[in-house]
Amino acid sequence: MLKNLVVYSTCLSVIGCQTIENPLANVSSNAISSSGCGEKPMVSLSGKDVEEVVLNESTVTKSGQVSANKNVGYTFTATTGQKLSYNTDADVCLWVFTPDNTIFKGGELPRNGKYIIQVAAPQGVKTFDLTMGLGVLETAASIPTVSPTDTPEATSERTSDNNNYQSSSEKNNIQPENDISQEQALELVEKWYAAKPRIFAPPFDRDLLNELATGKLYQRVGGEDGSIDWLQKYNYYYTYNKSAITNIMGFSNSGSRPYIKVRIVEELYLQGEKGIDQTNSGEYQTDYIYFFAKDNGTWKIYNNEKISDAG
């Protein structure tokens, strides 16, 4: 699932679990508040690193590779009042510069002239595909960073694809619909919560996980050094007293990843050799977004992300 962005970017930050290394990661969609992406880039672009593109209501996709020290840019001509949309599923930082060399903060483009989208990596080397267009304004979800005491099971539902979903008012004829209904999406999420006592506790059922999850969720939970490996390595497991979906806040079957947004009430306890870890246990009411993908013709959960703690 692509991340729909305007002036925000996504940056990867590894989250620890108390004093034990946690194999999972969290992604924030807010470039300004992220520890990896600053309010402005640290590297100035040279002419050879900037490619001119022609943007209109059709989308243009460009691929590249960036690092913290090697940035690339895309320049385009626009007029006052047009709306810029762009998206990427890579963990990169993006800034948009106006013709007068100020950073664009979102909304309608403020003036006629040439704009530049600058792309960088928060750390290491990142390869990306960036889709750009002028027309429908797409907004990024705000996904807060989880606390350092989050455990693998808890963090597994708070990490990122962060966040390429559109509200129904943002759909356009470029985005195809998928053959998954809201009822099917809800049923998959319900099955996921029913299965968690067997996935995050003995028998740590990877076959059951495979029936429900694919892509990033499967790798994060059942892959090498994922949640299951972490729990088994440190002799932890979860018990659940309650798991319930109390509200459906949104659904879309358009775009590259259909999604459903739900409010979850869950009471869970992290059990260890010394008893219950009270820091990572209790009852929580939280809003999540679940993304879906087909695996050999079957719809499964591709990723899930925490939107916010509900009141």
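Reply: The model is a predicted one. The chain exposes about 13,800 Å², and carbon and sulfur atoms supply 46% of that area. Of its 311 residues, 51% count as buried. The secondary structure consists of 5 helices and 14 strands. Among contacts with a separation of 6 or more, 71% are between residues 24 or more positions apart.

Against that background, the part in question can be described in detail. The count of disulfides in the model is 1, and the bond links C37 with C93 at an S to S distance of 1.9 Å. C37 belongs to the loop between β3 (25–28) and β4 (50–52), whereas C93 is in strand β8 (residues 93–97), so the bond ties together parts that lie 56 residues apart in sequence. Both cysteines, C37 and C93, are buried. As for geometry, the torsion about the S-S bond of C37 and C93 is about -75°, and the disulfide is therefore left-handed. In general terms, such a link is a covalent bond between the sulfur atoms of two cysteines.

Burial can also be followed in a helix. In α4 (residues 215–222), the buried residues are L217, R220, V221 and G222. These residues are on the same side of α4, because the arc they cover around the axis is only 160°. As background to that pattern, an α-helix has 3.6 residues a turn, so residues three or four places apart point the same way.

Terms used
Residues are numbered from 1 along each chain as its sequence is written. This is a predicted model: local features need pLDDT of at least 70, side-chain atom pairs count only at pLDDT 80 or more; totals for chains, interfaces and linings use all residues. Side-chain values use heavy atoms; hydrogens and water are left out. Buried means under 20% relative accessible area, exposed over 50%, partly exposed in between (1.4 Å probe, protein chains only). Helices (H or I, at least four residues) and strands (E, at least two) are DSSP runs, numbered from the N terminus. The arc is that of the directions from the helix axis to the C-beta atoms. Contact means heavy atoms within 4.5 Å. Accessible areas come from the Shrake-Rupley method with a 1.4 Å probe; for residues, only the protein chains shown count as cover. A disulfide is a pair of cysteine sulfur atoms within 2.5 Å.
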